[in-house]
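Student: I'd like to get to know this protein by asking about one piece at a time. Can we look at it together?

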Amino acid sequence: MTIFDVRPEAGVQRAPEDDGWVAASHAAVQTVLREPGWSSDHRNAARLVGLRADGSIPDIAGDMLSRILLFMDAPDHTRVRGLISKAFTPRSVERLRPRITVLTEELLAPLRDAGHFDVINDFAFQLPVTVICELLGVPAGDREMLRHLTRELAVLLGEDVTPSQIGGAAGAMLTLTAYLVPLFEERRRAPRADLISALVEAEEAGDRLGADELLTTVVILLIAGHETTMNLIGNGMLALLRNPDQLELLRGRPELMPSAVEELLRYDSPVRLTIRTALQDTIVAGEMVRAGEQVLAMLHAANHDPAVFESPDALDITRDAHRHVALGGGAHYCLGAALARSEAQIALAALVALRDLELASGEPLWRPLRMFHALESLPVACRAAG
C-alpha cells in the first residue's frame with residue numbers, strides 16, 4: 001500500500017513507507033494546515049519523510065528548500081509573501097483578464113484550424129507561463145528554457161527526491177541564477193512596471209528582501225506560476241471529456257464556469273499533498289503526533305471525504321465545492337489562487353467551445369511525480385475551423 005491508497009475515512013495513520021504520518025480526512029488536513037503549532041520548514045523535522053532511507057536531506061537541498069517561500073515559517077514567510085501578494089490580489093488579477101483572454105485566443109486559433117493538438121504542450125503550458133513571464137518582466141521568448149529548468153527544480157517540491165534529481169535541480173538552479181542575476185541588474189539600472197523591478201527595489205531596501213530571497217522568490221514564482229495552472233487546465237479538461245454529461249452541461253450553461261473550476265480543483269487536485277512538521281506534541285484525529293514528526297497532508301484524499309462532499313468520486317459542476325483544500329489553507333494558502341482560477345476559467349471556456357472536441361486515440365500520459373498530479377500530454381481532436 002502507498003500513501004495514495006489511504007482513504008479519507010482513515011483520518012490520520014502512520015505512513016506505509018516511512019516513519020511519518022498521513023492525514024487523509026478533510027478535518028485532519030484542515031488541522032495540519034490551519035492550526036498553530038505546525039511548520040513548513042523542513043529543518044524542524046527530526047526525520048524527513050520520503051527523501052532518503054536514513055530520513056536525512058543533503059545540505060544543498062536543505063539550503064535550497066529553506067529559502068523557498070513554500071518552506072518558510074513566520075516571520076520570514078509573512079515578510080516575503082507580503083512583498084509579492086499585491087500582484088496577485090483578486091483586483092489585480094481582474095485587470096489581467098482581458099490580456100489572458102487575448103493570449104488564449106492567440107494560442108488556440110492555429111490549434112483550432114489544425115483540428116488536433118496537445119492540450120498540455122500546445123496550450124495549457126503556454127498560457128500560464130506567458131502570463132507569469134509578462135507579470136515578472138521575463139521575456140516570453142525564453143519560456144521554453146524556463147520550462148525545462150523549472151521542471152528540473154520542481155522535483156524539490158515533492159517528497160520522493162532522489163540524489164540524482166537533487167543534482168539536476170542544483171544544476172538548474174545554477175543556470176537560472178546565471179540567467180536571472182543579469183536581469184536583476186538590468187532592472188536596477190532601468191526599472192519597469194513589472195514584478196521583478198518591484199522585488200529588486202525591495203531587495204535594495206535591505207531589511208525587506210535579501211539577495212538570496214530575491215532569487216529564490218522569482219524562481220518559485222516561475223515554477224508555481226505555471227505548474228499548478230497547467231495541471232488544473234489539463235486535469236480539468238480530461239475530467240470533462242471523460243464525463244460528457246458535465247461537458248455538455250457546461251456548454252449549455254457557461255455561467256457555471258466559476259463553480260465548475262472549483263469542482264475540477266476538488267475532483268482532481270493538481271497538487272496532491274503538502275508536508276508539515278509538528279513543533280510540539282499534538283493530537284490529530286485521535287493520534288499523538290510527536291514534536292519533529294512530519295505529516296503528509298493528502299489534499300486529494302481530503303477533497304474526496306464523504307463526510308464533507310456527497311458522492312465525492314462523482315464529477316458534479318453544480319456542486320458547492322468551496323470547502324475543497326486543493327489550494328492549501330492557512331498562512332500558506334496558494335498565493336496565486338485568484339490568478340489560477342481566472343486563467344482556468346478563461347482557458348476552459350475556450351476549450352469547451354471547440355466543436356466536436358474529443359480525446360484522441362491512446363491513453364493520456366502522466367508525469368512520474370508524487371506531489372503533483374500532472375499530465376505529460378493530452379492529445380485531442382476537434383472539428384477544424386473553416
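This is a predicted model: local features need pLDDT of at least 70, side-chain atom pairs count only at pLDDT 80 or more; totals for chains, interfaces and linings use all residues.

Student: Which strand does β5 join through five bridges?
Tutor: Strands of a sheet pair through backbone hydrogen bonds, either parallel or antiparallel. Here two strands count as paired if DSSP finds at least two bridges between them. β5 pairs with β3 in the antiparallel sense over two bridges, and there Trp38 has Ala278 as its bridge partner. Thr274 has its partner Ala297 in another strand, and the five antiparallel bridges of β5 go to that strand, residues 294-298, which is β8.

Student: Which strands stand at the edges of the open sheet of three, and why is one side of each left without a neighbour?
Tutor: The order in this sheet is β4-β12-β9, with antiparallel pairing. Two bridges link β9 with β12 (residues 379-381), and Glu358 is partnered there by Ala381. Each edge strand has a single partner strand, so one side of each has no neighbour in the sheet; the two are β4 (116-118) and β9 (358-359).

Student: How much space lies in the largest cavity?
Tutor: Rolling a probe the size of a water molecule over the atoms shows where empty space is left. On a 1 Å grid over the protein atoms alone, a cavity is a set of points where a 1.4 Å probe fits but cannot get out, while a pocket is an open set with protein on both sides within 12 Å along at least five of seven lines; lining residues have an atom within 4 Å of a point. Grid points are joined across faces, edges and corners, and a volume is the space filled by probe spheres set on the points. The whole structure has four cavities of 30 Å³ or more, and the largest holds about 660 Å³.

Student: Which element gives the most to the lining of that largest cavity?
Tutor: Among its 35 lining residues, Leu70, Ala224, Thr228, Cys334 and Leu335 are the closest to the centre. The lining divides into 23 nonpolar, nine polar and three charged (Ala, Val, Leu, Ile, Met, Phe, Trp, Tyr, Cys and Pro count as nonpolar, Asp, Glu, Lys and Arg as charged, and the others, Gly among them, as polar). At least two residues each come from α3 (76-84), α10 (211-242), β5 (273-278) and α14 (337-352). With eight residues, the most comes from α10.

Student: And which element has the largest share of the lining of the largest pocket?
Tutor: This pocket has a volume of about 260 Å³. Its lining has 20 residues, and Trp38, Ser40, Asp73, Ala331 and His332 lie nearest the centre. By class there are eight nonpolar, eight polar and four charged. The largest share is three residues, from α1.

Student: What is the omega of the peptide bond between Ala74 and Pro75?
Tutor: Pro75 lies in the loop between α2 (59-66) and α3. The bond joining Ala74 to Pro75 is cis, with an omega of about 5°.

Student: What is the phi of Ser311?
Tutor: Ser311 is in the loop between α13 (299-302) and α14, and is partly exposed at 48% relative accessible area. Although Ser311 is not a glycine, its phi is positive, about 45°.

Methods: Residues are numbered from 1 along each chain as its sequence is written. Side-chain values use heavy atoms; hydrogens and water are left out. Helices (H or I, at least four residues) and strands (E, at least two) are DSSP runs, numbered from the N terminus. Buried means under 20% relative accessible area, exposed over 50%, partly exposed in between (1.4 Å probe, protein chains only).
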